[in-house]
Amino acid sequence: MALVSPTNLLSLHHASGDQTTALNNCPSRRYRYANETNGEQPLKIPDPMLFLSPSTDHRPKVLPTISHCAIHLEMLEVFHTLRHEVIQSTNLDAAFDIGPRATTKSRRKWDSRTRKYIAEAVLIQDPNIGDKRKMKWTYFLHIAATRFHEWIRRVANHLKDAQLGAPLPRYLFLPPLDVLVIWHAFLLNCDDFKAYCEKNKLFGIQDIVFPWADIHAAIDPDTWKYTLPSEHSDWLLNTHGLDSNLVETLAHSGKKDTLIQNVLHAFYEPQKRSKQHSTSRLSQTLRKARQTQELNKPLVENVERQCVFVDKMHAHRWIRSPAVAGTLRRAVDRYGKFLHLFRLHPDQFLVPTLDVDLVWHTHQCSAGRYRTFVTERVGRFINHEDKIGRGTLDDGFTNAEQWYRLRYGEQYQVCLCWSCEAILEEVEELDDDEFGELDPQLGDLASRVERRVHYYREVEVARTLGREMPLWGHG
Ligand SMILES: [Zn+2]
């Protein structure tokens, strides 16, 4: 492949698309690869140091940490993977009885042998099968929302018991993945979540500090799979009847249990509702999910809106970037400044950039802390509202951009691509180490950035396509 000639820094930004295309076509052969050596390991990406002690800072009045934001990015990758898994699962297609309904039509055809027109059957493929399969995600979320209500009520009960001296179970705040998806998106609609907790008298739920460290421990950074510790999943199942892996449970029960099948099929074709019911816990949950679809719609829609953000984060893939630590450090700093603008301009509607939004979401995940912090810092509560239309958002963005630049003398909208962020990191290091040097070696800097970004990019492509991993240090 063509090498970037890194003589100027802007070329690195521009080359990124071409580089990815080239790597998608074939490995660069710039490295040795894992299969060519004796068990040498590729660089760990993301660097485990990024997550060091995510839970040490328990002071309520600090901004989210880099670790929290990094775990948030991991979690969003897990959500992205889950949605893909649900939509692509043929087992779940079978469980919900969603399949291509091919139809046959008869066509007139000239038969040269008999010299007559004859009727011929033609199979018409189901053109809507793609959209039908996507419906599974919505059904899945409805079941998840039902499980969320069950889960959060139990957590609240434990918190109440703890007031009377009962010990808190170790992983109490760590939910099954589907429940986590619902809870997370709900938390990003702060006022709605508060109203829900108050209406349902959910004791202590607003004050939960989001369990970042436990979530991180449940995530496999290579596959973005989420697995609860077995003692916890056993406890959830035995004490509360909650299966920890909803995808597996549905796929499995949808295969062998006809009564479960009946309820699942009714999601897609409500007229198929059966009068025969199983008394199993799962069957009850599924029936409830069907009956409360209208009620749970807002929770499901929260997630659907959040999927847009998840997709954006997946497209940027900061969590796999060589410069992720710097990107997140600057994002936290920029978020602090963004919040301050609300104080300075109380009458303005302000919209965050993508990096600032990530930190904002991270902050909101610990609902009570966010509320206290913001009310104190800004002088009033700032609700996060993701139901706002495009035009208003654009105005809010222009406002924020203008005030940010005036106040801080910095760009509000920055590129945030791997190359530009890696350059920034190198330049920041120059500032520290080589301050006062008149001639920083620009060419050296550019080639260091190019090498590093190239390697990270090739690792990510290899991971996505299931190729052998390139090894660092042999470029
Ligand atoms: Zn860029």
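Tryptophan 224 sits in the loop between strand S3, residues 219-220, and strand S4, residues 225-226. Its phi is near 60°. That is a positive value, in a residue other than glycine. Most residues other than glycine have a negative phi. So keep an eye on that loop.

A word on the source. What you see is a predicted model.

Now the whole protein. How many helices and strands does the protein have? There are 18 helices and 4 strands. The C-alpha atoms fill a box of roughly 85 × 80 × 55 Å, along the principal axes. The protein has 475 residues, and 47% of them are buried.

Next, the surface. The protein exposes about 24,000 Å². Carbon and sulfur atoms supply 52% of that area. On charge, the protein carries 61 positive and 61 negative side chains. The centres of the two sets lie 10 Å apart.

On to domains. Domain 1 takes in residues 1-58 and 443-475. Domain 2 is 79-96 plus 130-314. Domain 3 is 321-380 plus 388-416.

How do domain 2 and domain 3 meet? Their centres, taken over C-alpha atoms, are separated by 30 Å. At the contact, 17 residues of domain 2 touch 13 residues of domain 3. The size of an interface is often given as the accessible area lost when the parts come together. Here the two domains bury about 1,300 Å² between them. Carbon and sulfur atoms hold 67% of that buried area. Which residues of domain 2 lose the most area to domain 3? They are Leu188, Trp212 and Phe309. Together they give 32% of what the domain 2 side buries.

Let's go inside a helix. Threonine 146 is found in helix H4, residues 129-163. Is threonine 146 buried or exposed? Its relative accessibility is 4%, so threonine 146 counts as buried. Leave aside its neighbours within four places in sequence. Threonine 146 is then in contact with Thr285, Lys288, Ala289, Thr292 and Asn296. Take alanine 289 from that list. Threonine 146 and alanine 289 are 143 residues apart in sequence, yet 5.5 Å apart in space, C-alpha to C-alpha.

Now compare a residue in a loop. Glycine 99 lies between helix H3, residues 90-95, and strand S1, residues 103-111. Glycine 99 is buried, with a relative accessible area of 14%. Beyond its neighbours within four places, glycine 99 is in contact with Asp126, Ile129 and Lys132. What about asparagine 296? Glycine 99 and asparagine 296 are 197 residues apart along the chain, and their C-alpha atoms are separated by 26 Å.

Where is leucine 416? Leucine 416 is in the loop between helix H16, residues 390-408, and helix H17, residues 418-433. Its phi is near 70°, a positive value in a residue other than glycine. Leucine 416 counts as buried, because its relative accessibility is 7%.

Proline 46 lies in the loop between helix H1, residues 9-25, and helix H2, residues 66-88. The peptide bond from isoleucine 45 to proline 46 is cis, with omega near 0°. Most peptide bonds are trans. That's the tour. Thank you.

Notes:
Residues are numbered from 1 along each chain as its sequence is written. Side-chain values use heavy atoms; hydrogens and water are left out. Helices (H or I, at least four residues) and strands (E, at least two) are DSSP runs, numbered from the N terminus. Buried means under 20% relative accessible area, exposed over 50%, partly exposed in between (1.4 Å probe, protein chains only). Accessible areas come from the Shrake-Rupley method with a 1.4 Å probe; for residues, only the protein chains shown count as cover. Lys and Arg count as positive and Asp and Glu as negative; His and the chain ends are not counted. The place of a charge is taken as NZ of Lys, CZ of Arg, CG of Asp or CD of Glu. Domain bounds come from an automatic or database domain assignment. Contact means heavy atoms within 4.5 Å. Buried area is the accessible area (1.4 Å probe) that two parts lose on being put together, summed over both.
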